[in-house]
Amino acid sequence: MSVAAPAVAPVRPVLRERGQREVFCGLTGIVWLHRKMPDAFFLVVGSRTCAHLIQSAAGVMIFAEPRFATAIMEEKDLAGLADLNEELDREVGRLLERRPDIRTLFLVGSCPSEVIKLDLPRAAQRLQDARPGIRILSYSGSGIETTFTEGEDACLAALARSLPETPAQAASALEPELLVVGALPDIVEDQFARLFAEMGVPVRFFPGRSSVDLPAIGPHSRYLLAQPFLGETASVIDGRGAIRLPAPFPFGADGTAAWLQAAADCFAVDPLLFRRTIAPGRERAKRALERHRERLAGKSIFFMPDSQLEVPLARFLHAELGMRLIEVGTPYLHARHLAPELDALPADVVLSEGQDVDRQLDRVRAARPDLTVCGLGLANPLEAEGLSTKWAIELVFTPIHGFDQAGDLAELFARPLRRRDVLKV
Ligand code: SF4
């Protein structure tokens, strides 16, 4: 007689490091979030450093009124010589008077406001009570123990907490609805919306293009994450009874197909209709990737922890372009959300979480990868040592999701290698 052993998923060793880190802070998320929600305004409560960061990252809008600003805390504020709450109320009052177009105001915390323990959630509630016509929320974009994509997570979690709830008695009567969670460029949102419409899947996007037209969420909601860094947002949505559809993230031809497949399976889309709907896009993506495969296949790549996109991108580069993964580092490893991605990584790749920058740089130097994906601060020194690099932040600012962006995504990795070859010649 033989006894079958229960199927146990292999446990992948993870190198966990807690040392010095080199990443941007969560304020950076304002750069793409203010474009996504043009009726929202982001008021950073911070220092001159915060103002410089956000101004230089987002640039100056010449033709439009800016949709972000910094309420600068001066020395007397930090020393407790002024009543910060009074000053904040005054600044918010002035802002809203001048800008009646603002529908949602985010008060964004920073390192200084966190250090002096300014209670921004309470301030937001106080201001909200006085102005019921505007939604006033708060979240932290501080760089203390966070990385830059967590700014989006914290912002969307705050917004998700204010989403209308489906009344319990109505939930069972409602048809299931799909929610795509994570800020996507409008062009990508339109492409996905078309594909879901062709399959007959009712879909809403969160965030959408308006910060006030928000979907109700509840047990009738099924959701797909579009970004791998939305742990807090997902737990707020889970708390409302919505069901997450596990899937790889929509990068590349196969990743996008598998992500769409998760929705098609959940909404019982006819398999023939599904294949017919995705075939043209998938073909286009495969053709676009073919052009880059020649340059990228067999090349080695090392991801330093930065954007939290590292694991899905490593899967894409390995599975669809034949790149050799040396180390895939990520600031935080959300094992549940990344499970389908982790399953697709080769067994011999080093998976690391967190950072001890000097030790990690030693590993980069020892491995001498063809390409290192890292933050801006590390790229120049590595280039000076003859190593090709890719700035991780570019991956967040560029549309990279979906079939029609698969070629552009591969191009982002192929370009530094091409440049290296040209310089060698
Ligand atoms: Fe610097 Fe902190 Fe302000 Fe970010 S929030 S710019 S890390 S002081």
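Begin by selecting the ligand: C25, L27, C50, S110, C111, P112 and G143 surround it, each with a heavy atom within 4 Å. The shell divides into five nonpolar residues, two polar and no charged; here Ala, Val, Leu, Ile, Met, Phe, Trp, Tyr, Cys and Pro count as nonpolar, Asp, Glu, Lys and Arg as charged, and the others, Gly among them, as polar.

The model is predicted, with local features requiring pLDDT of at least 70 and side-chain atom pairs pLDDT 80 or more, while totals for chains, interfaces and linings use all residues. Residues are numbered from 1 along each chain as its sequence is written, and side-chain values use heavy atoms, leaving out hydrogens and water.

**The annotated cysteines**

Select C25, C50 and C111 next, which an unreviewed UniProt entry lists under "binding site"; such annotations may be inferred rather than shown by experiment. They span 87 residues in sequence, yet no two of their C-alpha atoms are more than 9.5 Å apart, so they gather at one spot.

Centre the view on C25, in the loop between β1 (14-18) and α1 (30-36). Helices (H or I, at least four residues) and strands (E, at least two) are DSSP runs, numbered from the N terminus. C25 is buried at 19% relative accessible area; buried means under 20%, exposed over 50% and partly exposed in between (1.4 Å probe, protein chains only). Beyond four places in sequence, C25 contacts L53, G141, S142, G143 and F148, contact meaning heavy atoms within 4.5 Å.

Move to C50 in helix α2 (residues 48-58). C50 is also buried, at 9%, and touches L27, V44, T70, S110 and P112, not counting residues up to four places away in sequence.

**The aromatic pairs**

Now display the rings of Phe, Tyr and Trp (its six-membered ring), which pair if their centres lie within 6.5 Å; planes under 30 degrees apart count as stacked, over 60 as edge-to-face and the rest as tilted. The count comes to eight aromatic pairs. Select W32 and F397: their ring centres are 5.8 Å apart and their planes at 70°, so the pair is edge-to-face. W32 lies in helix α1 and F397 in helix α17 (residues 392-397), so the pair ties together parts 365 residues apart in sequence. W32 is buried at 11%, whereas F397 is partly exposed at 36%.

Finish with F196 and W259, a tilted pair with 6.0 Å between centres and 55° between planes. F196 belongs to helix α9 (residues 186-199) and W259 to helix α11 (residues 252-266).
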